[in-house]
Amino acid sequence: MPEPQMVMFAEEFHQIQGIVDTLVKSSNASVVFIIDKNGQLIAAAGESDHIDTTSLASLTAGNIAATGGMAKLLREREFTTQFHEGENANIHIQLVDNRVILVVIFDKKTSLGLVRLRVKKACEQLGDIFRQLAEKAQGLGQTPFAEITDDDIDNLFND
Amino acid sequence: MSFINYLSREINCKLVYYGPGLCGKTANLQYIYNKTNPGARGKMISLATETERTLFFDFLPLALGEIRGFKTRFHLYTVPGQVFYDASRKLILKGVDGVVFVADSQIARMEANLESMENLRTNLAEQGYSLDSIPFVIQYNKRDMPGVAPVEELRQMLNPNNVPDFDGVATTGVGVFDTLKAVAKLVLTELRKAGG
């Protein structure tokens, strides 16, 4: 397969959640998300209840994919950081280890400089965890889907 | 590429609707959106031009139910069909688990169908996938239009590998859910193979 299987386990998830919880506080941001490059939401911290996180995740992944396409045209490996400034809200988007995307939404309560500083530190920690996860996924022999039957699949559509 | 979350017991898969410009890819997603229980779907996002042509993609998240205690979620995407948006189409195919090719049945669009199918094959290959092995279904759309080619002819031209194929009228929903179910089944079957 062209890309390794993405998986998430409890142990790594708690580590990742710890990092985003810390980041939202230390950077004084409103919300922090982690999204995989295909647009799946992995973790969130802060005031995420009033945000459509699924849509935001898919659009962020599209944004990163488009920027990656531009980078390729310019023979750059990747543009790893993006910043969008609004009237009230700002978004800082950081590609971590070319595997996942760290999104920080913040307002006037903090500054871009502080966000960038805290994101840098979080990136190093996240990079290590996602590298471990990728290794663990490769060593994973069987997924829970190895034993599903045709009936299981058919039942999904019986409504 | 599917994402298996062992903690929240969820599996997420990505489906892409491909095909020539104005073949009805967005219409498929719109019909699914309108006919699905709001609890089972998220918001549909369309990144379109002012004339409602898809500029980058449409996106619709769907929850299908549980399988062996895992919630199955499908993220449906369309590509922009117009020829000059090829760079965007390539991006949307990244990490795809299953593909629906929506063909325009009108005789006048035969060449556009063939060109789009060839483009799909090339763009998938660039991402390391083969059209011959990825979960793949075809919908012959616009069967209600005048001047359509016979299904047999379309099949001969576009479906040499005999993948599941369906007649469609996406605007009224004919064949829309059959197509979706068929590709979703193939994706889940593929997951079983990959996990064995």
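This is a predicted model: local features need pLDDT of at least 70, side-chain atom pairs count only at pLDDT 80 or more; totals for chains, interfaces and linings use all residues.

Two strands count as paired if DSSP finds at least two bridges between them. The predictor gives the complex an ipTM of 0.84 and a pTM of 0.92. For chain B, the mean pLDDT is 94, and 99% of its residues reach 70 or more.

**Around strand 2 of chain B**

Which strands pair with strand 2 of chain B, and in which sense? Here are the partners, side by side:

| Partner of strand 2 (chain B) | Sense | Bridges |
|---|---|---|
| Strand 1 (residues 3-5) | antiparallel | 3 bridges |
| Strand 5 (residues 70-78) | parallel | 8 bridges |
| Strand 6 (residues 98-104) | parallel | 4 bridges |

In strand 5 of chain B, B:Phe74 is the bridge partner of B:Cys13, while B:Gly98 in strand 6 of chain B stands opposite B:Leu15. Is strand 2 of chain B mostly covered or mostly open? It's mostly covered: 8 of the 9 residues in this strand (residues 10-18) are buried.

Strand 1 and strand 2 of chain B form a hairpin with 4 residues between them. B:Arg9 sits in that turn and has a positive phi of about 50°. Most residues other than glycine have a negative phi. B:Lys142 isn't a glycine either, and has a positive phi of about 65°. You'll find B:Lys142 in the loop between strand 7 (136-141) and helix 4 (151-158) of chain B.

So are these residues buried or partly exposed? A residue is buried if 20 or more other C-beta atoms lie within 10 Å of its own, exposed if 12 or fewer, and partly exposed in between. B:Arg9 has 13 other C-beta atoms within 10 Å, so it is partly exposed. B:Lys142 has 24 C-beta neighbours inside 10 Å and therefore counts as buried.

**Over to chain A**

In chain A, 5 strands form an open sheet in the order 3-2-6-5-4, and the pairing is antiparallel. Why is one side of strand 3 (41-46) and of strand 4 (81-85) left without a neighbour in the sheet? Because these strands of chain A stand at the edges, each with a single partner strand. Neighbouring strands of this sheet are turned by 15° against each other on average, direction ignored.

Strand 2 (residues 31-36) of chain A runs antiparallel to strand 3 of chain A, with 5 bridges joining them. One of the bridge pairs is A:Ile35 with A:Leu41 in strand 3. Helix 1 (residues 10-26) of chain A lies across strand 2 and strand 3 of chain A, at about 35° to strand 3. Helix 3 (residues 112-138) of chain A also packs on the sheet, touching strand 4, strand 5 (90-96) and strand 6 (100-106) of chain A. The direction of helix 3 makes about 155° with that of strand 6 of chain A.

**The nonpolar core**

In soluble globular proteins, nonpolar side chains tend to be buried together. Here, the largest nonpolar core has 97 residues. The members touching the most others are A:Val32, A:Phe33, A:Ile35, A:Leu102 and B:Val16. Helix 5 (residues 176-195) of chain B gives the largest share of this core, 9 residues. Beyond its neighbours within four places in sequence, A:Phe33 has contacts including A:Leu41, A:Ala44 and A:Val103.

Note on methods:
Residues are numbered from 1 along each chain as its sequence is written. Chains are lettered from A and ligands numbered from 1 in the order in which they are written. Helices (H or I, at least four residues) and strands (E, at least two) are DSSP runs, numbered from the N terminus. Axes are lines fitted to C-alpha atoms, for helices over the stretch in contact, and angles run from 0 to 180 degrees between N-to-C directions. Two residues are in contact if their C-beta atoms, placed from the backbone, lie within 7 Å. pLDDT is the predictor's confidence in each residue, from 0 to 100. A nonpolar core is a set of buried Ala, Val, Leu, Ile, Met, Phe, Trp, Tyr and Cys residues joined through C-beta atoms within 7 Å.
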